[in-house]
Each structure stands twice: as structure tokens, then as C-alpha cells.
Amino acid sequence: MSETPQTRIWSMRIAFAFLVCVILFFHLLPLETTPRRWVGPDLLLAFACAWSLRRPEYVPSLALAALFLLADMLLQRPPGLWAMLALLGCESLKRRARGLRDTGFAGEWLSVCIVVAAITIGYRAGLMITLVDLPPFGLTVFETVMTMLFYPLVVATTHGLMGVRKATPGDLDGSGGRI
Amino acid sequence: MAKDRTSSNEYTGPVRRLLLSVIVLCLLATFLVWRIDSPRVERFRAQITDKFVPSLDWAMAPVTGAINLLKDFQSYQRLAEQNSELRSELRRMQAWKEAALQLEQENARLLDLNNVRLDPRLTYITGVVLADSGSPFRQSVLLNVGARDGVVDGWATMDGIGVVGRISGVGENTARVILLTDASSRIPAVIQPSGQRVIVSGDNSAAPPIEFLEDSDLVRPGHRVVSSGDGGVFPAGLLIGQVALDPAGKLRVRLAADYQRLEFLRVLRHHGTDPVSDTARIIGPQLPPQPVVAQEEVSQ
């Protein structure tokens, strides 16, 4: 590889920001202006989880917070709450990343499912406590389940197309040390 | 090298945790500020959208066009049956067109006879739909007209036929339209011909339900729903749609505007209805203000 680890980290951080912008772009396309009965998965959250578990150094918490807040702003959600919960979820995944590195994919999927469910429940609880109008329950459940189901696909994309893989023993980390 | 890293981890660990808690507190504070002072944060949101979305416009238009083309391609398969459907519809429409022309002439004659002045201030600006809400939980679209064009919160937007929604959130170059189907949309309306006043309140479904209906016996499916202008923020007399009965027996509005394809929207300039400001007075002959003094002056 011609690039140093430091430039690789920064280029991957920029790549993640770009990925988020692409997802938001497709969300914002004026294709569907009638109310829908079904919802797609929350790809933003799924990608954030997948990247946090694989390479925590590519998704620093400040960048995650800023991108989630941008998504909150653009997608007409109450700003801050979802961003905060998603950030906490990703951080807890990052902390567990080292333990999950050696277990199979099933363990990872399970822990992501738990985190996604916790974020959704926490979000609804937060809205309920502050007396904000709740989004329809059916759609929320649908979106959560879709996010969980699509997670393996997201991981495959992350792993295969974007080349974000789990650190293996012997890889160099950002400061040039071995992991 | 490995030793270096572990020692640096010992320092970065607590710093990282501190940074994380600061970020989390900031996000929580944002949410609480939004909850307490929503208008200011919403204005901020409109500004962010105003910066972000128009810069993507060059890419959005072709991608939207391409995807719509693909969607249309599916409907080409049913071209033959669609054609025959359209032909029979056209025959029915021609009868209606004849009736409409006659009614238009009659209406013009009557208006002329009555010396009616139509409100000349109801002019409009047409905007192009830039983006939708991006989330299945909210129903709104973003237009490419904004404060620069004099758009003000609360104005009505229509497509060619019916009301689409109202402006809520104006940036410099963009304005957000909350659609009638959004869960936070409430529009005062009147049902013709029975003249009952109702509220059309969106609930994230394609046909918003009718609420606060006094006497449901007077309303039949097919009756027209038009905006009533109650409250003074929304112009009166705009077509919203037709009454329809859903399987659960609830009255809903089948919207007249074509929500499948929202491309160009009219924003109606509305400067509010003039309030009646003076109090009631006795109607009688016009007298001079102080008749006694006036008489004295005359006599001198």
C-alpha cells in the first residue's frame, strides 16, 4: 500500500461522511409524496453500527454525532434525541468490538439487534416523556425489523465493496502500532 | 511500538470518554432547546435545509427523472388496457366539458349581473418540488421558492386542482410545505352543499379524516370539501377534495390534488382577511359633531 495509515484513516472518515450524504440524498429524492404503508430500513444506523464494529477509528464519535444530527435536521425528526441515542448505541458497540472480533457473525448480529431495539425504545420513551407526537407505532416497528434484517446485507457491502474489515492481529493502527 | 500505543490509550481513554459525554450532553441540550423553543430551532433547521438541499439539486433532478422513467416503464406494459380505459373516460369527460362550458358562461353572466368583484389579491408563485421529507413518518415537500420570493409561513399551496398543503418553514431559497396528509396538518374546511364546518386533520394516510363534524347525516360521500378560511390564516374557497367513506365507516377526504406526482406547486399569496375593527354604531342621518355651537356661529 502506498498510503500511510494516517491518510487511510482520514480518507475512510471522509468516505463515511460521503456515504451518509449519499443515503440522505436518496432519502430526500421527491419520489414518494403519498403516505406509505411500508418503510425501508434505516441504512444510516445500520452502516454506522457496521463501521463502528469493524473499524472504530474510521467513525470518531464527533463525526458520528455531527452526521446523525444532520440526518435529524434534514429528515424532520426532533433534532438531537435520535442522534444522541444512536451515538450512544454505536459507542457501546465500539466498546464491545474487541470482544466480538473473535465470535462469529451471529453474535455480532445479535448485539446489533439489541442495540437497534434499545435505540428505538429509548427514542419512543424520550418522545413520550417530553410529550412530543409519537410516530405511528406500526411503522416504527416495521423500520426497526427491516434494519435488523438488512444488517447482514449492509455488512456484506461494508466488507466486500468498501473494504472495511475487522482488524486482524498484525494490522497497523492509526499511530503505526500493532493492534 | 505496541507499548507506546497502550500507554497512549491510558491517556486518550478518559479524554475520549469526556469528549463523548460532552457530545451527548450537547445533543441532549439541542433536543431540550427544540422542545422548549421549537420555532427558533425550526428556523435553524430551515436554514440548514436551505444550504444543503439546493446544492444537491443538480444531481437530484436527473436521478429523480431517471427513476420516474423506470417507474413509468412498468406502466407501459399495461398500455393497451390503459388506452381503452382512457378512451371511455374521455367520452365521459366530453359530456362534462360541455356541461362545464355552459356553467361557466352562466356563471360569468350571473357574476356580471351581480357586479361581483373577485378578490384580485389572490395571486400565486409557482415553485418546483426539490425534495420530499425524506422520512416515512412526515409528509412534506421542499419548494425552490423562499423568503427571497416573498413566501410567508402559513400560505396555501395547490397543484392545478386542489389544496396540497401549507407553507411551514421558510428559508432564503426554499420553503417547506406540510402536506394535508401529514399527522400535524389541520385545515378548517366546509362541506358543500350542506355547509357544515369541519377540520380536515391529517393522520399519515392517503385520505385524511374529517373531524368535528356536527351532523354526519347531512354529509354523503361525494360531497365537496373546500377550505373555509376560518382563523384567517388560510384563504377560503379552495377545493380540498371529496368526502369518502372508509370501510370502518369513518368519513375521510379523497384529496383532489394529485399526490402521486407533485412537481410544480402554486403558492397562493394571501394577505389575511381584513378584520372588522370598528364597533357597532346607530345608523341614522349624518349630524354635525356639535350642532349647538354650529348654530351659534351661524347666528353671529
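Guide: Helices (H or I, at least four residues) and strands (E, at least two) are DSSP runs, numbered from the N terminus. It's a predicted model: local features need pLDDT of at least 70, side-chain atom pairs count only at pLDDT 80 or more, and totals for chains, interfaces and linings use all residues. Residues are numbered from 1 along each chain as its sequence is written, with chains lettered from A and ligands numbered from 1 in the order in which they are written.

Visitor: Okay, what stands opposite B:Thr157?

Guide: That's B:Gly165, in S4(B). Strand S3 (residues 156–158) of chain B runs antiparallel to S4(B), with 3 bridges between them, and a hairpin of 4 residues links the two.

Visitor: And which residue is the bridge partner of B:Val170?

Guide: B:Ala175, in S5(B). S4(B) pairs with strand S5 (residues 175–179) of chain B over 4 bridges, antiparallel again.

Visitor: Why is S4(B) largely enclosed?

Guide: Because 7 of the 8 residues in strand S4 (residues 163–170) of chain B are buried. Buried means 20 or more other C-beta atoms within 10 Å of the residue's own, with C-beta atoms placed from the backbone.

Visitor: Switching topic: how many residues of chain B are in contact with chain A?

Guide: 49, against 41 residues of chain A. Contact means C-beta atoms, placed from the backbone, within 7 Å.

Visitor: Which element of chain B gives the most to that side?

Guide: H1(B), with 14 residues.

Note on methods: Contact = placed C-beta atoms within 7 Å. Buried ≥ 20, exposed ≤ 12 C-beta atoms within 10 Å, placed from the backbone. Pairing = 2+ DSSP bridges.
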